[in-house]
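Welcome! Take a moment to look over the sequence and turn the structure around before reading on. The report below walks through some of its parts.

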Amino acid sequence: MALDYQPKIVGFLCNWCSYAGADMAGTSRLTYPPNIRIIRVPCSGRVDATLVTKCFQQGADAVLVAGCHPGECHYSEGNYHARRRFTVLRELLSFLGIEKDRLRLEWVSAAEGKKFSQLVSEFSAEIAHLGPRKDNGKAAGGSL
Amino acid sequence: MARIGVFVCHCGSNIAGTVNIAQVMAAAQTMPLVTFVADNKYSCSEIGQTAIREAILKQKLERVVIAACSPQMHEATFRKTVAQAGLNPYLLEIANIREHCSWVHSNDKAAATKKAIELVKMAVAKVARHEALFTKEIGLTKKALVIGGGISGIQAALDMANAGYPVILVEREPTIGGRMAQLDKTFPTLDCSSCILTPKMVEVAQHPNITLLTYAEVKSVRGFVGNFEVEILQRARKVDASKCTSCGICWQKCPEKIPAEFNLGLGPRAAIYTPFPQAVPNIPSIDLAHCRYIKYQEFVARGEEGKKPPQCRICERLCPPQAIDWEQSDQVLVEKVGAIVVATGYQTFDHTRYGEFGAGRYPDVITGIQLERLLSASGPTEGEVVRPSDGTHPKTVVFVSCVGSRDERMGRAYCSNVCCMYMAKQAILLKEHDPEVQSYIFYIDIRAGGKGYEEFIRRAQEEARAIYLRGRISHIYQDGKKLIVRGEDSLLGRPVEIAADLVVLATGIEPSAGAKELAQSLNISYDAHGFMVEAHPKLRPVESRTEGIFLAGTAIAPNDIPGCVAQGSAAAVKALAVLSRPSLVSDPMVAIVDPLRCTGCFACQRACAFNAIDSQVTRDGKTIAVVNESLCKGCGLCVSACRGVAMNLKGFSQQQLLAEVNALWR
Ligand SMILES: Cc1cc2nc3c(=O)[nH]c(=O)nc-3n(C[C@H](O)[C@H](O)[C@H](O)COP(=O)(O)OP(=O)(O)OC[C@H]3O[C@@H](n4cnc5c(N)ncnc54)[C@H](O)[C@@H]3O)c2cc1C
Ligand code: FES
């Protein structure tokens with residue numbers, strides 16, 4: 001593994017909590033690795049299997065889904081849907097030959113800028129430790 | 001094919017200081033469908049917006065990407081900008097290259113520039129798949145709900161009612177007034193709290209536009225801005241308000257006595273009671289947990305053997321207008337309102353968590369709010385400050401600041417804002433009550449930032465001769481009749497020990513019990529402590545993130561009365577800005593069904609929390625799903641639940657999100 005290996009991470013952040021939490025990290029000038037690409041979604045429950053597998057097809061090393069804390073979803077229960085889907089998706093990934101830990105679900109509130117920056121730093125370090133994908137990005141129909 | 005314009009914002013040096021704008025622009029030139037690229041020093045300024053508008057017209061742009069700050073900041077601004085140039089406001093996408101890029105990667109300019117380019121590429125890919133969306137007009141109920149009848153809620157209710165709008169004020173205690181009703185005099189002017197509060201309380205009760213519901217709680221809230229539907233639980237007082245004349249015979253004669261909450265246990269109240277003489281409304285309530293007749297009824301209902309408890313019913317027998325109504329039961333009222341103000345206030349920190357201060361064991365270690373009751377002429381001792389243990393007049397009084405504030409150990413890192421000031425106030429008042437009193441105030445820092453506040457602290461030091469000692473208290477213990485207070489004078493760097501007659505703990509401010517649960521039912525955010533979170537801490541300080549729900553007072557953060565009143569008025573203006581509109585516009589970013597693809601499985605309907613999916617029979621007899629746009633909130637749960645690909649979400653369509661992913665790392 002090359003020392004400067006930088007994992008590619010996609011973050012689906014819910015508009016109401018986590019996206020604002022990531023904004024808060026910025027407003028507070030906290031730093032985290034520049035290798036995450038954030039996609040704004042209305043709610044963590046909007047993220048489905050197609051979107052997640054598409055990321056891996058596209059060569060992502062990891063996917064982060066973040067939403068409001070339990071009980072705080074702007075749409076009341078979207079994050080519970082996300083949580084249930086997450087368990088299934090991890091199984092699906094492992095079936096595709098991608099380590100489960102490359103998909104992560106977290107709760108980040110609008111006030112938790114610090115948590116968000118720590119989360120990205122930690123997750124990025126974990127994925128870097130895991131190394132490049134063993135399937136060479138071919139699983140999930142990828143062509144990389 | 002759409003013509004896309006990309007505008008890259010410098011945001012002064014906020015973006016340009018980290019991201020190489022020229023490189024981003026050059027990269028944007030090569031992106032598919034991009035026909036025009038420009039930069040702006042400040043896109044959000046009038047000059048910046050004009051430049052964007054002119055470019056749209058001159059370059060015949062059909063879609064716009066603005067690479068700037070977070071869409072949470074200026075998406076609404078720029079939607080207006082593009083609309084002014086004749087473009088549909090939804091044909092815009094923001095690439096967040098400030099909060100999500102320049103501000104967090106200032107340590108790696110090359111990587112930040114590379115990331116900014118990718119964020120623009122994603123936005124370009126997404127905007128290419130945007131479609132024009134159109135808002136709809138929806139009606140609204142021109143009525144407001146205020147939750148919490150402390151000074152903040154009272155102010156908000158009065159301001160809206162005076163502007164001519166009907167207001168429902170819901171207070172869970174039997175009276176309005178909140179904590180301010182418990183205070184004696186108020187800093188920094190020392191005007192008597194009830195003298196300034198009571199007239200406002202009466203005005204609320206008599207206002208033709210205000211429906212006052214006390215002893216009531218909000219059970220559930222449904223709907224959205226302009227069209228909330230609220231369930232309110234009106235608890236039974238067991239007293240017929242239309243008959244009661246507030247003569248007070250009932251509570252004077254009731255034989256059951258329990259410690260009065262309003263006086264924080266410093267005196268008794270009856271089982272039928274009004275919390276204090278000037279309560280509004282001045283209708284007593286029967287405390288079901290303590291009423292003897294209720295206990296008797298419960299005993300009979302259980303069918304137990306043995307001696308029956310007394311029936312009592314003294315209040316019923318003595319009430320001149322026969323207002324006692326045992327049949328009265330809790331009621332659920334359903335109301336429609338257009339805007340909501342949350343002003344649920346605070347309670348004080350439970351100091352028994354501090355073992356070193358006696359954990360509540362010593363009767364003469366009291367709280368600031370208890371001292372307010374002792375100082376008050378209408379309090380349990382009629383304004384005589386005496387020790388709870390033996391009724392003697394304390395001469396040496398020690399104040400301990402920051403009890404449950406600025407203390408990480410207790411999970412309370414924040415400052416409670418009012419304690420420094422009320423300790424100074426109480427020291428002045430104690431001296432006025434009894435010139436022989438010597439006050440010692442242990443403080444960490446003196447926070448006196450308000451108008452006239454610093455002068456007020458001086459007054460406590462100079463006129464009331466309060467001795468300020470900087471340092472924390474390590475231990476308080478009883479020694480005979482005295483309380484020994486041990487601490488440190490951190491300025492002199494030596495231990496101090498004071499034999500006190502009375503110790504006053506300045507217990508910090510925390511959100512009212514039940515605040516989190518209420519926030520959940522309102523769907524508004526709260527912080528780790530349970531304080532309500534503002535839509536923007538500086539620019540939108542009295543709005544929640546949920547449209548149509550506003551915030552005021554100590555429900556947001558510790559605050560003093562002037563601050564609470566200002567917020568009450570501010571929240572009222574914000575709510576009025578909703579109520580005074582002729583109609584509201586709906587958010588067009590809602591779900592949509594492709595009737596050709598829908599198989600009628602209704603997985604979407606089960607996923608939807610807003611009952612926004614109806615069924616519809618097509619001409620060929622197929623039953624399929626259809627979205628009720630006025631109920632849909634645009635969460636997109638139905639899209640991810642859909643097993644076919646029949647469901648989609650406008651503005652966050654599957655094609656758009658996939659396009660963003662597809663644009664990555666290419
Ligand atoms: C010891 C002490 C002394 C003080 N002295 C001063 C002073 O001299 N000068 C000064 O400016 N400030 C002083 N303050 C601060 C002052 O008390 C507050 O600024 C002010 O009272 C806060 O008003 P509020 O309306 O925000 O909250 P509150 O007074 O707490 O009112 C909130 C109301 O909402 C009700 N409520 C709560 N939850 C619900 C619910 N779920 N449904 C319905 N109703 C609900 C409560 O019953 C309450 O009536 C002092 C504070 C303390 C602790
Ligand atoms: S809105 Fe944040 S998880 Fe649903």
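Predicted model: local features only at pLDDT ≥ 70, side-chain atom pairs only at ≥ 80, totals over all residues.

A cavity is a set of grid points where a 1.4 Å probe fits but cannot get out.

## Enclosed spaces

Rolling a probe the size of a water molecule over the atoms shows where empty space is left. A search of the whole structure turns up eight cavities of 30 Å³ or more. The largest cavity holds about 190 Å³ of space, and 16 residues line it. Closest to its centre are A:Tyr19, A:Ile38, B:Glu93, B:Ile94 and B:Glu660.

Which elements supply at least two residues each of the lining of the largest cavity? They are strand S2 (36–41) of chain A and, from chain B, helix H3 (71–84), strand S4 (92–96) and helix H5.

## A helix tucked away

Now for helix H1 of chain A, which spans residues 18–27. Eight of its 10 residues are buried, so this helix is largely enclosed by the rest of the structure. The buried residues are A:Ser18, A:Tyr19, A:Ala20, A:Gly21, A:Ala22, A:Asp23, A:Ala25 and A:Gly26. Here A:Tyr19 turns up again, as one of the residues closest to the centre of the largest cavity. Just after this helix, A:Arg29 takes a positive phi of about 55 degrees.

## Domains of chain B

Chain B is assigned five domains: domain 1 (4–127), domain 2 (144–235 + 335–345 + 512–579), domain 3 (249–323), domain 4 (350–510) and domain 5 (590–649).

## Nonpolar cores

The largest nonpolar core has 103 residues, and those with the most contacts inside it are A:Phe12, B:Val6, B:Ile66, B:Ile97, B:Val120, B:Ile613 and B:Met647. Helix H5 of chain B (residues 109–128) gives this core its largest share, 10 residues. Domain 1 and domain 5 of chain B each provide at least three residues to this core.

What does B:Val6 touch, leaving out residues up to four places away in sequence? Its contacts are B:Ala28, B:Val34, B:Phe36, B:Val37, B:Ala38, B:Val65, B:Val120 and B:Val124. A second, separate core has 75 residues, including B:Ala161, B:Leu375, B:Leu429 and B:Phe456.

## A hairpin in chain B

Strands S25 (residues 482–489) and S26 (residues 494–500) of chain B pair in the antiparallel sense over seven bridges. One of the bridges joins B:Leu483 to B:Ala500 in S26. Four residues lie between the two strands of this hairpin, where B:Gly493 takes a positive phi near 65 degrees.

Methods:
Residues numbered from 1 in each chain as written. Chains lettered and ligands numbered in written order. Heavy atoms only, no water. Domains from an automatic or database assignment. Core = buried A, V, L, I, M, F, W, Y, C linked by side-chain atoms within 4.5 Å. Buried < 20%, exposed > 50% of the residue type's maximum accessible area, 1.4 Å probe, protein only. Contact = heavy atoms within 4.5 Å. Pairing = 2+ DSSP bridges. 1 Å grid on protein atoms, 1.4 Å probe; cavity = no way out; pocket = protein on both sides within 12 Å on 5 of 7 lines; lining within 4 Å. Points joined across faces, edges and corners; volume = space filled by probe spheres on them.
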